[in-house]
Amino acid sequence: MTRVWQWNRPVTVREVLEDLQQERSIAYTTVMTVMDNLHQKGWVRREAEGRAYRYTAVSTRAAYSAALMNEAWSTSDNPAAALVAFFGMMSQEQREALRDAVRIVGHDDEAPAEVVRAAEVTGAAEAPEATGAAPREVPEAEGRTGERRPEPGR
């Protein structure tokens with residue numbers, strides 16, 4: 001998935017293979033199997049082109065990350081406490097990026113009061129909206145709810 005996201009265009013198994021072979025020895029069939037698995041799981045679309053397929057990401061890496069954060073937050077029995085803990089782990093640079101994202105989204109007046117208070121405790125302004133409003137554009141990966149799922153293709 002990393003290659004598909006980086007290139008941001010339809011890719012063939014051969015292109016991914018050639019790129020990966022710059023780093024390590026890997027078989028064509030291994031890459032083909034991984035790409036097929038990603039297709040079966042809904043992470044990529046594919047279109048036939050001659051005897052090969054071109055694969056395209058279904059969502060962006062940012063949407064994937066947002067969906068993971070949203071899932072983790074929404075399954076918590078205490079979302080405000082989860083946010084406080086999450087914000088407490090963030091560096092100053094990450095908190096600034098979060099504040100910028102909240103300003104861009106511009107929905108800070110819609111955040112639940114207890115979540116806003118949790119964000120204020122950590123100095124993260126109205127950050128919960130950035131975490132809680134992430135669109136669910138990514139298909140469910142295998143695994144039970146609450147399990148940490150690896151990034152697809154890794």
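Mentor: A polar contact here is a pair of N or O atoms within 3.5 Å; within protein, one must be able to donate a hydrogen and the other to accept it, and residues adjacent in sequence count only if both atoms are side-chain atoms. The model is predicted, so local features need pLDDT of at least 70 and side-chain atom pairs pLDDT 80 or more, while totals for chains, interfaces and linings use all residues. Residues are numbered from 1 along each chain as its sequence is written, and side-chain values use heavy atoms, with hydrogens and water left out.

The side chain to look at is that of R95, in helix α6, residues 92–105 (helices are DSSP runs of H or I, at least four residues, and strands are runs of E, at least two, numbered from the N terminus). A polar atom of the R95 side chain lies 2.7 Å from the backbone oxygen of M90. The R95 side chain also makes a polar contact, at 2.9 Å, with the side chain of Q92. R95 is buried (under 20% relative accessible area; exposed is over 50%, partly exposed in between, with a 1.4 Å probe and protein chains only). Despite that, R95 has no salt bridge (a side-chain nitrogen of Lys or Arg within 4 Å of a carboxyl oxygen of Asp or Glu). The nearest side chain of opposite charge, E96, is 7.6 Å away from R95 (Lys and Arg count as positive, Asp and Glu as negative; His and the chain ends are not counted).

T75 lies in the loop between α4 (61–74) and α5 (79–89), and counts as partly exposed because its relative accessibility is 44%. Its side chain reaches the backbone oxygen of E71 at 3.0 Å, and a polar atom of that side chain lies 3.2 Å from the backbone oxygen of A72.

N8 sits in the loop between α1 (2–7) and α2 (13–20). Its phi is near 50 degrees, positive although the residue is not glycine. N8 counts as exposed because its relative accessibility is 68%.

For the chain as a whole, there are eight helices and two strands, in the order α-α-α-β-β-α-α-α-α-α from the N terminus. Of the 154 residues, 34% are buried. Among contacts (heavy atoms within 4.5 Å) between residues at least 6 apart in sequence, 57% join residues at least 24 apart. The accessible surface comes to about 9,600 Å², with 49% belonging to carbon and sulfur atoms (Shrake-Rupley method, 1.4 Å probe; for residues, only the protein chains shown count as cover).
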